Amino acid sequence: MKLAIDADTCIGSGQCALAAPGVFTQDDDGFGAVLPGREDGAGDPLVQEAVRACPVQAITAEEG
Ligand code: SF4
């Protein structure tokens, strides 16, 4: 899996960090960010929750 957040789309709602705090965080400006080294999703089943929870579909999770 390869996780990415479209910074142009993210509105900084923080839902991703709430849904999967082991993988996502918020940067200093409140925008969503993938934690360092967790770009592969770290096998965390909550990642899919975070993808669903994002109100603007800014998170992409490519399989492979
Ligand atoms: S849930 Fe979506 S909009 Fe909210 S901080 Fe995360 S990526 Fe950004």
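Tutor: Let us begin with a definition: helices and strands are DSSP runs, a helix having at least four residues and a strand at least two, and they are numbered from the N terminus. Please note as well that this is a predicted model.

Student: In which order do the elements of the chain run from the N terminus on?

Tutor: The chain contains two helices and four strands. Read from the N terminus on, these elements follow the order β-α-β-β-α-β.

Student: How compact is the chain for its 64 residues?

Tutor: For 64 residues the globule rule gives 11 Å, and the radius of gyration of the chain is close to that, at 10 Å. The chain is therefore as compact as a globular protein of that length. Along the principal axes, its C-alpha atoms fill a box of roughly 30 × 20 × 15 Å.

Student: Where in the chain is Ala-7, and is it buried or exposed?

Tutor: Ala-7 belongs to the loop between β1 and α1. Ala-7 has 11 C-beta neighbours inside 10 Å, so Ala-7 counts as exposed.

Student: How far apart in space are Ala-7 and Gln-48, C-alpha to C-alpha?

Tutor: In sequence, Ala-7 and Gln-48 are 41 residues apart. In space, C-alpha to C-alpha, their separation is 19 Å.

Student: Which residues come nearest to the ligand?

Tutor: There are 16 residues around the ligand. This shell divides into eleven nonpolar, five polar and no charged residues. Those that come nearest to the ligand are Cys-10, Ser-13, Cys-16, Gly-32 and Cys-54.

Student: How exposed is Ser-13?

Tutor: Ser-13 lies in the loop between β1 (2–5) and α1. Its C-alpha atom is 21 Å from that of Pro-45, which is 32 residues away in sequence. Because Ser-13 has 17 other C-beta atoms within 10 Å, it is partly exposed.

Student: Which residues make up the largest nonpolar core?

Tutor: Of the 64 residues of the chain, 23% count as buried. The largest nonpolar core has twelve residues in all. These are Leu-3, Cys-10, Cys-16, Ala-20, Val-23, Phe-24, Val-34, Val-47, Ala-50, Cys-54, Ala-58 and Ile-59.

Student: With which residues is Leu-3 in contact, leaving aside its neighbours within four places in sequence?

Tutor: Leu-3 is itself a member of the largest nonpolar core. Leaving aside neighbours within four places in sequence, its contacts are Val-34, Glu-39, Gly-41, Val-47, Ile-59 and Ala-61.

Student: Which residues does Glu-39 touch, not counting those up to four places away in sequence?

Tutor: Glu-39 is found in the loop between β3 and α2. With 13 C-beta neighbours inside 10 Å, Glu-39 counts as partly exposed. Not counting residues up to four places away in sequence, Glu-39 touches Lys-2, Leu-3 and Val-34.

Student: What is the value of phi for Ala-42?

Tutor: Ala-42 has its place in the loop between β3 (32–34) and α2 (46–53). It is partly exposed, because 16 other C-beta atoms lie within 10 Å. Its phi is positive, in a residue other than glycine, and is near 55 degrees.

Student: What is the value of phi for Gln-57?

Tutor: Gln-57 is located in the loop between α2 and β4 (59–62). Since 10 other C-beta atoms lie within 10 Å, Gln-57 is exposed. Gln-57 is a residue other than glycine with a positive phi, near 50 degrees.

Student: With which residues is Gly-22 in contact, leaving aside its neighbours within four places in sequence?

Tutor: Gly-22 is in the loop between α1 (15–19) and β2 (24–26). It counts as partly exposed, with 15 C-beta neighbours inside 10 Å. Leaving aside neighbours within four places in sequence, Gly-22 is in contact with Ala-42, Asp-44 and Leu-46.

Student: What share of the contacts with a separation of 6 or more comes from residues 24 or more positions apart?

Tutor: Two residues are in contact if their C-beta atoms lie within 7 Å. Among the contacts in the chain with a separation of 6 or more, the share from residues 24 or more positions apart is 57%.

How values were computed: Residues numbered from 1 in each chain as written. Predicted model: local features only at pLDDT ≥ 70, side-chain atom pairs only at ≥ 80, totals over all residues. Rg over C-alpha atoms; globule rule 2.2 N^0.38 Å. Buried ≥ 20, exposed ≤ 12 C-beta atoms within 10 Å, placed from the backbone. Near = placed C-beta within 6 Å. Nonpolar A, V, L, I, M, F, W, Y, C, P; charged D, E, K, R; others polar. Core = buried A, V, L, I, M, F, W, Y, C linked by C-beta atoms within 7 Å.
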